[in-house]
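Student: Could you go through this one with me? I'd like to start with the overall picture and then move on to the details.

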Amino acid sequence: MQKIIAANWKMFKTRPQAAQTAAELALALRTGTPKGRLAVVFAPFTDIAVVADAVAGVDGLAVGGQNFYPEDQGAFTGEISPAMLRDAGAQWLLTGHSERRHVFGETDALVARKTAYGLEKGFKVMLCVGETLEEREAGRLGEVLGRQLRSALEPLAADARAQLAGNFAIAYEPVWAIGTGRVAGPAEVLDAHAVTRGILAEILGATARELPILYGGSVKPDNAGALVDLDNVDGLLVGGASLEAKSFLQILGA
Ligand code: PEP
C-alpha cells in the first residue's frame with residue numbers, strides 16, 4: 001500500500017509564509033516523492049489556493065482542507081463548504097481531528113455527517129480517531145475506537161463503501177500524544193493499529209485491508225522511520241514537525 005505522509009498545519013502560516021514553505025516542498029519534490037509516498041498538506045483555508053498554486057504539477061503532493069461544513073452553500077456563518085475548498089484547490093478533507101472533537105465539541109454524529117458528505121462530493125477523506133489518556137488508562141481503547149469508527153462508517157451506503165478503497169484513510173491519533181512531545185511507543189502503536197484494522201474488518205469486510213491507517217502524535221524526524229515501518233502503519237499525520245519544509249521532508253523520506 002502507498003504510504004501517506006500528511007502535514008497538518010493547524011492555525012499557522014499567513015499566505016506569504018505558506019507560499020514559502022510550499023515552494024520549498026515543490027522544489028524538493030519536483031522529481032518525485034521519496035519511496036513513491038504520497039504527501040498531503042492540510043492547510044488553513046486562506047492558504048489552500050496559495051499552496052495548491054505552488055505545488056501544481058508536483059506528482060505525489062496533494063492539498064487538503066482541515067475543516068468544512070457538510071452543505072454546498074447556505075446561511076452557515078463562519079463555515080466553508082467542500083465546493084469552496086475544491087475551488088481553492090483541495091482534494092483531501094480531514095474529519096474527526098481531536099482538536100475539532102475536543103476544542104470545538106464536534107460530536108461523533110457531526111463527524112459521521114462530514115465524513116459521508118466529503119466522500120459523496122468526491123473528496124479523499126482522512127478520518128481521525130483516538131482515545132484520551134483517561135480513556136486509555138481506564139482500558140477503554142477498543143471501545144473508543146469502535147465507537148468512533150462505527151459511528152462514521154456504519155451509516156455509509158453500499159455504494160459509498162464500495163468507493164472507500166483509494167479514497168479514504170484513517171489516522172489513529174492518541175489525544176495524549178498530539179502536540180505533547182509524548183509519542184506513543186511501538187507496542188502501543190502496534191496494538192492500536194491492529195485493533196483499528198480489526199474493527200474496520202468487522203464493519204467493512206475485505207475492504208479493511210485496503211484502507212491506510214496512519215499514526216499521528218508528536219511525530220518528528222528522529223522517530224518517524226521507526227513508526228512508519230511498524231506493521232499496519234501505512235503513513236503518518238504530522239502537526240508541529242510539518243511546519244518547516246526541512247523537517248517535513250525528512251519525515252517524508254524516513
Ligand atoms: C496533529 O495535529 O494531527 C498532530 C499529530 O500534531 P503533532 O504532530 O504536533 O502532535
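Predicted model: local features only at pLDDT ≥ 70, side-chain atom pairs only at ≥ 80, totals over all residues.

Student: Okay, how many helices and strands does the chain come to?

Tutor: The secondary structure of the chain amounts to 11 helices and eight strands. The radius of gyration is 17 Å, close to the 18 Å that the globule rule gives for 254 residues, so the chain is as compact as a globular protein of that length.

Student: And what box do the C-alpha atoms fill?

Tutor: Taken along the principal axes, the C-alpha atoms fill a box of roughly 45 × 45 × 35 Å.

Student: What percentage of the residues count as buried?

Tutor: Of the 254 residues in the chain, 52% count as buried. As for the surface, the chain exposes about 11000 Å², and carbon and sulfur atoms supply 53% of that area.

Student: What share of the contacts comes from residues 24 or more positions apart?

Tutor: Among contacts in the chain with a separation of 6 or more, residues 24 or more positions apart account for 71%.

Student: Switching to the ligand, which residues are closest?

Tutor: The ligand is surrounded by 14 residues, of which the closest are Lys10, Glu173, Gly179, Ser218 and Gly239. By type, the shell divides into four nonpolar, eight polar and two charged residues.

Student: How much of the ligand's accessible area does the protein cover?

Tutor: On its own the ligand has 290 Å² of accessible area, and the protein covers 97% of it.

Student: Last topic, arginine 100: where is its place?

Tutor: Arginine 100 is in helix H4, which spans residues 98-102. Its relative accessibility is 21%, so arginine 100 counts as partly exposed, given that buried means under 20%.

Student: What is arginine 100 in contact with, leaving aside its neighbours within four places in sequence?

Tutor: With those neighbours set aside, arginine 100 is in contact with Asn67, Gly105 and Glu106. Glutamine 66 is 34 residues from arginine 100 in sequence, and their C-alpha atoms are 9.4 Å apart in space.

Technical notes. Residues numbered from 1 in each chain as written. Heavy atoms only, no water. Near = heavy atom within 4 Å. Areas by Shrake-Rupley, 256 points an atom, 1.4 Å probe, with all protein chains shown as cover. Nonpolar A, V, L, I, M, F, W, Y, C, P; charged D, E, K, R; others polar. Helix = DSSP H or I, 4+ residues; strand = E, 2+ residues; numbered from the N terminus. Rg over C-alpha atoms; globule rule 2.2 N^0.38 Å. Buried < 20%, exposed > 50% of the residue type's maximum accessible area, 1.4 Å probe, protein only. Contact = heavy atoms within 4.5 Å.
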